[in-house]
Amino acid sequence: MDNDFPENPHLPKGTVLPRNQVAGHKHEGRSKLGLLQHEDGTILKASQKPPRGTREVDFYKQVFDATCTDKTILQLRSFLPRFFGVCHLEEYPDVTYLKLENIVYPFRKPCVVDIKMGKRTYDPEAGPAKIAKEVTKFPYVEKFGFQFTGMQTYDPVEQKTKFYDKFFCRKLGEDELLKKGLGAFFNLQQCLRRDAIQVLLEKLREIESWFASQTMFSFYASSLLLVYEGDMPYNNYLSPCIQCHSKEDSGCGSSGCGSTELDQNEDSSGCTCESDKTDDISSISIENSSSVISTSLNDIKTESSEDLHNDAIADVRMIDFTHVFSQGEIDENYLFGLRNLIRNLEMLLELPS
């Protein structure tokens with residue numbers, strides 16, 4: 001892996017911009033704080049102003065409290081990025097950062113999509129202006145219960161990473177979400193990544209089972225981050241159709257390949273491409289209370305990169321918790337979107353090979 005991140009005068013010492021951030025607040029300096037990647041590989045997320053920022057910090061501390069014995073919370077913990085406490089940077093001493101596991105770290109060429117969950121993305125405290133703004137972002141969210149906010153894919157043939165921003169995602173029509181949304185993400189045009197879909201479906205069903213019984217939390221404007229390995233030649237779970245990735249081939253004879261033609265304009269607004277080059281990086285004041293579950297910040301670094309990459313095919317985690325409330329009832333809003341997402345992934349697998 002290369003260690004040639006461009007220098008940026010707005011970046012705090014020992015940090016870089018995450019190369020695989022597809023949505024959320026992006027760091028542009030003091031005037032606009034966003035995600036940073038620390039030199040140990042973890043993600044630093046700037047806490048928002050109260051009450052949203054405080055709510056998210058308190059949520060992570062509750063879930064990762066080392067003294068917790070609640071089975072609902074202990075199960076939820078496995079669905080989240082690991083939490084290493086909060087910290088402050090020398091350059092921004094008044095800003096609290098959450099120190100989180102970097103979910104994409106184990107992947108050579110990660111394909112990443114941020115999916116905001118729920119047919120209602122505004123919380124109970126939202127005013128009329130906020131409600132109107134959220135409703136107009138994606139007209140079909142009430143029908144599907146989820147929406148794409150950004151994604152990146154990797155083409156192992158052209159060795160390029162493609163980025164799809166929120167504007168591209170919002171333009172997806174009602175009949176395009178399956179093939180041009182999920183289909184584009186899982187490489188439907190060349191060879192459907194059934195292996196990754198199946199792994200993710202198993203994980204999503206575990207999350208669904210948790211939501212179907214818990215009444216402790218209600219999540220608004222929270223996302224699922226789906227990641228899978230795009231570097232197929234180095235993946236231990238090779239799709240049987242890897243040999244069909246020739247532009248001269250009109251299709252694939254493998255039963256594992258969904259070679260359905262996908263009509264998409266890759267040069268449309270919101271999609272950009274670049275030749276991909278995976279980057280990695282090998283002081284901060286950590287406030288990690290002894291009451292918070294803490295794995296060594298060097299754990300990710302001390303594990304062999306080769307072992308990490310060989311084991312990783314796909315992963316999904318729940319992220320973004322600035323709008324989590326305790327309402328004492330099943331979170332039907334999130335559950336509706338989650339079940340629709342699962343069904344759409346199943347429909348993708350059902351497409352003719």
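This is a short tour of the structure above, one selection at a time.

The model is predicted, so local features need pLDDT of at least 70 and side-chain atom pairs count only at pLDDT 80 or more, while totals for chains, interfaces and linings use all residues. Residues are numbered from 1 along each chain as its sequence is written, and side-chain values use heavy atoms, with hydrogens and water left out.

**The whole protein.** Start with a cartoon view: the secondary structure comes to 10 helices and 14 strands. Helices (H or I, at least four residues) and strands (E, at least two) are DSSP runs, numbered from the N terminus. Of the 353 residues, 52% are buried, meaning under 20% relative accessible area, with exposed over 50% and partly exposed in between (1.4 Å probe, protein chains only).

**Helix α10.** Now select residues 332-350. The 19 residues of α10 should span 27 Å at 1.5 Å a residue, and the end C-alpha atoms are 26 Å apart, which agrees; the expected span is 1.5 Å times one less than the number of residues. Among the buried residues of α10 are Y334, L338 and I342.

**Where α6 meets α10.** Show side chains for L178, L182 and G183 of α6 and for L341, N344, L345, M347 and L348 of α10, which make the contact (heavy atoms within 4.5 Å).

Is N344 buried or exposed? With a relative accessible area of 8%, N344 is buried. Leaving out residues up to four places away in sequence, N344 touches F146, L178 and L182.

**Helix α7.** Move to residues 194-211: these 18 residues reach 25 Å from first C-alpha to last, close to the 26 Å expected at 1.5 Å a residue. Buried residues here include L200, L204 and W210.

**Last stop, E90.** Look in the loop between β4 (83-88) and β5 (97-100) for E90. At 60% relative accessibility, E90 counts as exposed. Select P12 too: the C-alpha atoms of E90 and P12 are separated by 7.5 Å, although the residues are 78 apart along the chain.

Conventions:
Axes are lines fitted to C-alpha atoms, for helices over the stretch in contact, and angles run from 0 to 180 degrees between N-to-C directions.
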